[in-house]
Amino acid sequence: MASLMLYYGPRIPEHYNKFFHPNVCHVCKMTKDDKLISCPECNMIFYCSKEHKQLDKPHHAEMCAAIQELSIMEHLDIIRQLSTDEQRKSRRRIIPMLQRALKRELEPYEMEMVMFTRTCFICHESADLQTCTKCYSVNYCVNHAGNFREWHDSQAACKHLLTNLNLDILCLHNVAMLKFCTFPDKNRSLDDMAMFIRRYMPKEMKQQHKWPLYNYLYSDFISQPLTLYYGMRNVNLLSVFNMQIPTCVVHIIAADSLDMEYLPAWELLLHLNYKIKHLEIVLIGTRLQTESDNINVCSFCNSRKQLVSFESHCTLYEIYKNRAEYKRPNVIVGFQTDFVGGEIWPECNICIVGTGAMLAWTSPILPLLEKDGGPLGAPISEDESSWIGSLVPFGAIFGSFIAGYLGEKWGRKRTLLLSTLPFLIGWILIGTATHFAQLCVARLIFGITLAIPFTVLPMYVGEIAETSIRGALGSFLQLFITIGMFYSYAIGPYVSYTVFWILCAILPILFFVCFIMMPESPYYLLSKGRKDEAIVSLAKLRSKSEAAVQKEADEIQVIIEEAFKDQISISDLFKVKANRKALIYTCALVSFQQLTGINFVLFYMEKIFIAAASSDEPTKEAPIIIGAVQMLASAVTPVVVDRLGRRMLLVLSGIGTAISLCVLGLYFYLKQVQHADDVVAQISWLPVVALVIFISTYSVGWGPLPWAVMGELFASNVKAKASSMTVSVCWFLGFIITKFPSNINRAFGAYTTFWIFSACCIMSILFTVFILPETKGKSLREIQDELNGVVPTIQDSERGSKK
């Protein structure tokens, strides 16, 4: 009959604190026929003798004091009346309370103390308990002894519970002492893990009565390197290990103490591939200590001068890859990772739809105001029309700084909800306007408010999204803007002024109703020290329990602490070479984005068609066609950007916009200067086709990519300040380009305006080809090195080619 395994290891906290069990002595892992001695203060940890209780007292004191301070035992007594599931949830809520009291993360054994207290398996009472003497893992009170024995003796779980406890004790010993027969042996085939254990475990180990336990332990110990090797073999990727460079770097992400303990097993890769002279294991995880060392290898490996080394980093992988100590990997693996799929939240993007509708409101309305004045009673001039169109980007220049401040002060959710109020005020002013000045005030309010979704929403989406879908969700911003514009293009020409503004005002109301149930950003909550609320927020976002998102909350906390550790000033944007070059590049990108004339085209689209067409009818359908094309083209970029690269798409986009604007200018030149009416009549389709090409090529390149490249060029600690400056430059140029081209139209003709924009598109191509660096496939560290003028080593380049 199986019995409890004895622990012969050292009586030091580094060993015995690896796990907690309520029915064995915490120090020596032995049980007693009579009752164990509990800690009299907290009554949650047990010892076999006073000596062992005294030995552990200095290490238990801090946790014990926190348990008493928070009255944890009284709380546990109360929840005993709850169901098992409700008890688990209540116990999980205790963990963050203790972490706040201790001002640190709980060790795994401390979490086990909270989750697995000594109680009756049936009634959950803690008095007069007895323990199953077969598995030492289940307790029962005297009132339920008969029921318990009848039920428990019939369960196969008793044997498995003893095995689990023995494995915990066995793992306290140093697994690095595990030995194998000569490996690999060509005479011994190897098909799976069980066969490996049978054929390569030493005979003396098999003969011991603990063979099943060592079977478990050996298979766990060797699973990482062998899983990687044979998995890569099955998909024909072993060429990664058969390279000319003798150093192989393996990154283990989301690593923990178990990965550290199993490091010696990676020597097996040296036996499987003699070409590897130096195997370097890099472990990255938030529960590790930062350290590095060589790992002892067998005499056979030493004779071939093969080496295994490791380094561990206490951080997240996304932070590590941007550090100076980053080493480019040949392989990235994760054995303790938790890939989960949260819901995609469309509610927040309703705000962007409303913003897009507001931006495109001018397209159907300005021709109406210029024709008969609409609700104003008298027609407005072209100059007044240009002010109505340009005050939105003018207000956004200042609104971006206000939005950033409110997002940090009040939180992402409350700031986005707040934007509903000024949007509604703006629409009410639009609806009740009887004077030009009132329209200007409304448009200025829109501009200031516009900056809130453009500044805060990308922050919010990036902070709530899973890493695996963050890029896709972020790219939806451009798509939903075009949906909002299409909304205005499709409705505006066919309804009255009053109906149109009401339909536009419905969108921010709809956003408020849908978004109010969304949780606040967990990043913001953690940055304000509100960890309990952050865990509740994450649990809702991931559709998981609060305990299941605890690890992710810890990782977010590391990111926040890392970001606040390296705060910089505005002057650092200009003093540091990489920051200065990145700022120049991004400002140039958003400048060329505006100099394509996109806002001029979108704001005054219907006026352009009126000027180009001989009747008003085609002007109603043409903006709808353009809006649909823009919407479809905006969905293309997320699919192709990582395949073709940023520069390729920007060049193709620049060529398309330059040609289409040049052709559009030629059409107006023939119409307004040459008065070639016969030719113009034959090519009346040209403005629609040219604008379709312009919008589609703009939407796959110069529309979304300047913002994507901006996020890649700046280091994390300067991104917020640099982004505010870049956004201000963008909207300043947006104001200039929306306001003054109408003056050029009157003075020199519409063809001059389009040819100026075409020339700017040609300049954007030259800038992209000869100046802008490519960021595709590069880590932030590599991009920063390139901006600083650091030339990558030959070894780094070769590693990159083998990746």
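**Strands around β8.** I looked up the pairing of strand β6 (residues 278-285) with β8 and found eight bridges, the two strands running parallel. I take strands as DSSP runs of E with at least two residues, and helices as runs of H or I with at least four residues, numbered from the N terminus; two strands pair if DSSP finds at least two bridges between them. L283 stands opposite S312 in β8. Strand β7 (residues 291-295) is joined to β8 by five bridges and runs antiparallel to β8. The bridge partner of D293 in β8 is F310.

I then checked the cover of β8 (residues 307-314): six of its eight residues are buried, so β8 is largely enclosed by the rest of the structure. Buried means under 20% relative accessible area, exposed over 50%, and partly exposed in between (1.4 Å probe, protein chains only).

**Source.** This is a predicted model, in which local features need pLDDT of at least 70 and side-chain atom pairs count only at pLDDT 80 or more, while totals for chains, interfaces and linings use all residues. Residues are numbered from 1 along each chain as its sequence is written, and side-chain values use heavy atoms, with hydrogens and water left out.

**Helix α27.** I noted that α27 (residues 577-595) has 19 residues and reaches 27 Å from its first C-alpha to its last, close to the 27 Å expected at 1.5 Å a residue; the expected span is 1.5 Å times one less than the number of residues. Of these 19 residues, 14 are buried, and α27 is thus mostly covered. G597 follows α27 and has a positive phi, near 85 degrees.

**F512.** I located F512 in helix α22 (residues 497-515). F512 counts as partly exposed because its relative accessibility is 33%.
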